[in-house]
Amino acid sequence: MTISEQEQTGKLITKESYLISEFWEKTDEGYEANFYANEIQNSVYEPKQVNRTDPLYFGYPNIINTTIKLHFAEKGWGFDSDQQEIDNDYFNLKTTTEFNDNVLTLSYDYYAKQDHIKAAQIDDYLAQRKKLISATHYPILKYAETTETPLTTADVLDSFGYSWLKYVLAGYILVLIFFFADWRLESAKKVKFEDSPFYAVSVSKFIIYSILSLGIFVNYWSYRNFKAIKERDNSSIMPIARGIFAFLWYYPLYLALAEHSQQQLNKNRVMPNWTALTLWLMVLASAFAYRMDEYATIVICIMPFLWLPLVSYIEQTDTSKEALHYNSYWRIRQYLISLAFAPLLFLGVLQEVNILPNAAIIKGDSLWSYQVHFLKRNRLTPENEEILYFYSDAVFDYREDGNGITENYIFSYYKNDDGRLESDLSHFKDIEKIETTYGKTKLDNTSIKVIKTDGSDFLLIVGRLNKQDKVLVEQINLRITVNKVR
């Protein structure tokens, strides 16, 4: 950093040089870099309280001239020259873009016109501010070469700002490796209990471990019991298949246990047939709900309780207490896998009850009252209309971004790099059309470009789960058509 002073004018000049690692940000088209006139953007700020009766303080007098010069080392760059002006009751902004001798010059000249914004002018001020934010942002794109090295998983995670996930994934991989290695070593010992006709485990371990293993232990428990039946009866069944599709073989397993009870105790002490059929139907319904993904985690927490009559009968009638003790003992690998899966389970439950952003588009009446209050308080949605559909692409906090529709409006918002909310709230009568790019898989988001009658546009990003993106597109198109007819 160098500092110099002009004695005649009193101007203080500082020059600083930086080496910026990972300057380019990876995009679908190539690499992007963004430049902002930050001082100007910060001067025209968005108030925390937009629904107000008092005027808003506005910095005045305030004159800011910002010039950004980009010197390109590579030849072949090209940019169009351009001039724009935003002039209103609050401020004036002139922007100039020039490209000469491989140097791109971005000039921004701003001055404020008044020292406050009247309460009645807040909406118009925010609309003008949005234009200023867009005008003082300049992105440049460098197209990727076809010979570039394919991105690794670590590169992808870094590009999304989740580099810490690399270490989390590495930890999960180590836990899984230890789990399977320890399990295989124990299986190699081939411990058998001659007096145990089934795979007995305590009810408490079955419930806790089934939930914490995300339902996998239910399949393993079913597999081990069908394996015991196969060895005892010398039958031709496939225990692995019956374990994997345990929900289909719930009732046949009950029948095997009921037959054992009749032979040993001269009566069915498992449960009545009608109860078994009812529970089996509930297991099938739960399995169907699990595959819909929307309530998968909640189903995982409920499912083990539907198996309790079968688990309890085996636990109580098993003649080998050694087997029950051996199978019910918690091993290190089981503690580790439970601890590893517990955060996923907890996050899944929070998502499915909509405390955290859901992976699917949800109906507005599924939002909690404090979430609706946040949207209305920040004027992201109309005060007098109910939210019909909502989706947030944020990981942990719906306040980071979101979009959706009400009966007459479509809305979208996100937090910019300065932590301030940027938003668009448009009536359907002001929308010309939408252009939709559907994600190719369930993990890909769908992009909905909303094109307004004045030529401007904004973007909705929504999830594909359960094909709710198509439902939302249909609802938007319906409302656009209705308003055009009117």
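**Figure 1. E422 pairs with R129 in a salt bridge, and their closest N and O atoms are 3.6 Å apart.** In this legend, a salt bridge is a side-chain nitrogen of Lys or Arg within 4 Å of a carboxyl oxygen of Asp or Glu. E422 lies in strand β16 (residues 421-427) and R129 in helix α2 (residues 122-135), so this pair ties together parts that are 293 residues apart in sequence. Helices (H or I, at least four residues) and strands (E, at least two) are DSSP runs, numbered from the N terminus. Both E422 and R129 are buried, where buried means under 20% relative accessible area, exposed means over 50%, and partly exposed is in between (1.4 Å probe, protein chains only). This is a predicted model, in which local features need pLDDT of at least 70 and side-chain atom pairs count only at pLDDT 80 or more, while totals for chains, interfaces and linings use all residues. Residues are numbered from 1 along each chain as its sequence is written, and side-chain values use heavy atoms, with hydrogens and water left out.

**Figure 2. D182, E186, R331 and R333 are linked in a network of salt bridges.** Within this group, E186 and R331 bring their closest N and O atoms to 3.1 Å apart. Helix α4 holds E186, and the loop between α12 (321-328) and α13 holds R331, so the pair ties together parts 145 residues apart in sequence. E186 counts as buried at 17% relative accessibility, and R331 also counts as buried, at 12%.

**Figure 3. R479 forms a salt bridge with E407.** Here the closest N and O atoms are 3.4 Å apart. The pair links distant parts of the chain, with R479 in helix α15 (residues 468-485) and E407 in the loop between β14 (401-406) and β15 (409-415), 72 residues apart. R479 is buried, with a relative accessible area of 10%, whereas E407 counts as partly exposed at 43%.

**Figure 4. Take a look along helix α6 (residues 216-233).** At 1.5 Å a residue, its 18 residues should span 26 Å, and its end C-alpha atoms are 26 Å apart, which agrees. The expected span is 1.5 Å times one less than the number of residues. Buried residues of α6 include F217, W221 and F226. Among the elements covering the buried residues are α5 (203-212), α7 (239-244), α8 (250-265) and α11 (308-317). After α6 comes N234, with a positive phi near 55°.

**Figure 5. The largest nonpolar core has 46 residues.** A nonpolar core is a set of buried Ala, Val, Leu, Ile, Met, Phe, Trp, Tyr and Cys residues joined through side-chain atoms within 4.5 Å. F206, W221, Y254, M271, W307 and L310 have the most contacts inside this core. Helix α8 gives the largest share, 7 residues. Leaving aside neighbours within four places in sequence, M271 is in contact (heavy atoms within 4.5 Å) with Y250, Y254, A276, L279, P309 and L310. A second, separate core of 33 residues includes F72, L93, L104 and A135.
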